[in-house]
Structures are given as structure tokens and as C-alpha cells.
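Subject: Structure for you to look at

Hello,

Here is the structure I promised to pass on. Please open it and keep it beside this email as you read.

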Amino acid sequence: MVTYILLAILAVSFVLDYVVFMPRGAKRQLFTLTFQKTHNAYNQALCMKASAIKKGQLWRLVTSLLLHGGIPHIVFNSLAFLAAGRFVEQQLGWWRYLILLVASGIFANLCNMRILNSEFSFGASLATHGVIGMLAAMLLINPQLLGAIAWPWLVYLAGYCLYNVVADKWNLVEHGGGFIAGVLLAFILL
């Protein structure tokens, strides 16, 4: 249930970002694969902004997970939640799954801030990699679970992770941070 609620929240956030708060005349980069944000009041209030977090705006560590840099970005993240999130949520229960999402997103944002000294970040992929890390830990602990996951979804997840790891150094640190958080949280939440 949390997965579907999350997908609805991501969709509403995307509409707010790209339709409601988009400045008049701004170039809408809906189909870009470069994930560059057009700045508006909505995404500026929610994005992971290191200088603002250091001043106490800690909500940005979580709200940045609701922002996306175009249609491909939100589609790939949503598919990852559908591929792994529903299964992991079913195994963990809704409240532990919610802890996984939030904690892995926060950890990945902190990795981005501390390791890369990055000022800006956004995207649900930080949490999706936490879910994938949890799924990997679950499969290592109980390989019989593998039969419960559809092979096309596993192929998608492998490709999704591979792309995100080799794309650039930011993806490696952020997404790697989310994945590591998911694996470590397996020791607590399972």
C-alpha cells in the first residue's frame, strides 16, 4: 500500500513542479535525460541543498526524494518501485518499509553532501536503491524468495542499477549510499 501511495505522491509532486509552479515562459525539460531542474519556488523549497540543511532545514533530506528531473527520471524510478518496492513492502510490512525508504534516502543524501561536497540533489532513486539493497539482502538470506519475483523485473532492476552505477560519480555515491543503507537496514528491519 505504501508503494502505491508513494507513486501517487511522486506524480502529484511532479505535476506541482512542472505545471503549477513552473514560471511562465520557462523551458520545460520534460524529456531530458540530463536531470537538470528548471528552478522554481517549489523545487527550491524541497531539493537537497547542503547549505540550507547545514542551517537546520533538515526536511530537505526527505523532501528532495519527491522531485524529478523530467519524465524519464520519474518513470524509471516509478518502475523500480513497482519492480522491487511492492515485494519488499510485502515482506517487511508497511511501517518498516516506510522506515527503509526514509532512512535510505537520508543516508544517500548525506553521502552526497559529505563525500562529494555536493550542494544540490533530488530524486526518488536514492530511496529506490535502498529498496534494491534490502531486496538483495533478503535474497541472500533466503534464496527461495527469488522464485516469488518475476524475472523480467529482476532484469529491469539489474539494468537500472548498472546504468545508475556507471552513469557518473554522483550516481555512484548517491545510489551506492542508498543501496548500502538498504543492506545495512536489513540487519535491523528483518
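Predicted model: local features only at pLDDT ≥ 70, side-chain atom pairs only at ≥ 80, totals over all residues.

**The core**
The largest nonpolar core holds 39 residues. Phe 81, Val 88, Leu 100 and Met 134 have the most contacts inside it. Six helices each supply at least two residues of this core: H1 (2-20), H5 (71-92), H6 (94-115), H7 (125-141), H8 (151-166) and H9 (169-189). The largest share comes from H7, with nine residues.

Take Val 88 as an example. Which residues is Val 88 in contact with, leaving aside its neighbours within four places in sequence? They are Tyr 97, Leu 100, Val 131, Met 134, Leu 135 and Met 138.

Next, look at the second largest pocket. Its space is about 250 Å³. It is lined by 13 residues. Closest to its centre are Leu 6, Leu 66, Leu 98, Leu 101 and Val 102. H1 and H6 are the elements that give two or more residues to the lining. H1 gives the most, with four. How many polar and charged residues does the lining have? The lining has no polar and no charged residues, and 13 nonpolar ones.

**One serine**
Finally, find Ser 13 in helix H1. Is Ser 13 buried or exposed? Its relative accessibility is 2%. Buried means under 20%, so Ser 13 counts as buried. Not counting residues up to four places away in sequence, Ser 13 touches Tyr 42, Leu 66 and Leu 67.

Best wishes

Methods
Residues numbered from 1 in each chain as written. Heavy atoms only, no water. Core = buried A, V, L, I, M, F, W, Y, C linked by side-chain atoms within 4.5 Å. Buried < 20%, exposed > 50% of the residue type's maximum accessible area, 1.4 Å probe, protein only. Contact = heavy atoms within 4.5 Å. 1 Å grid on protein atoms, 1.4 Å probe; cavity = no way out; pocket = protein on both sides within 12 Å on 5 of 7 lines; lining within 4 Å. Points joined across faces, edges and corners; volume = space filled by probe spheres on them. Nonpolar A, V, L, I, M, F, W, Y, C, P; charged D, E, K, R; others polar.
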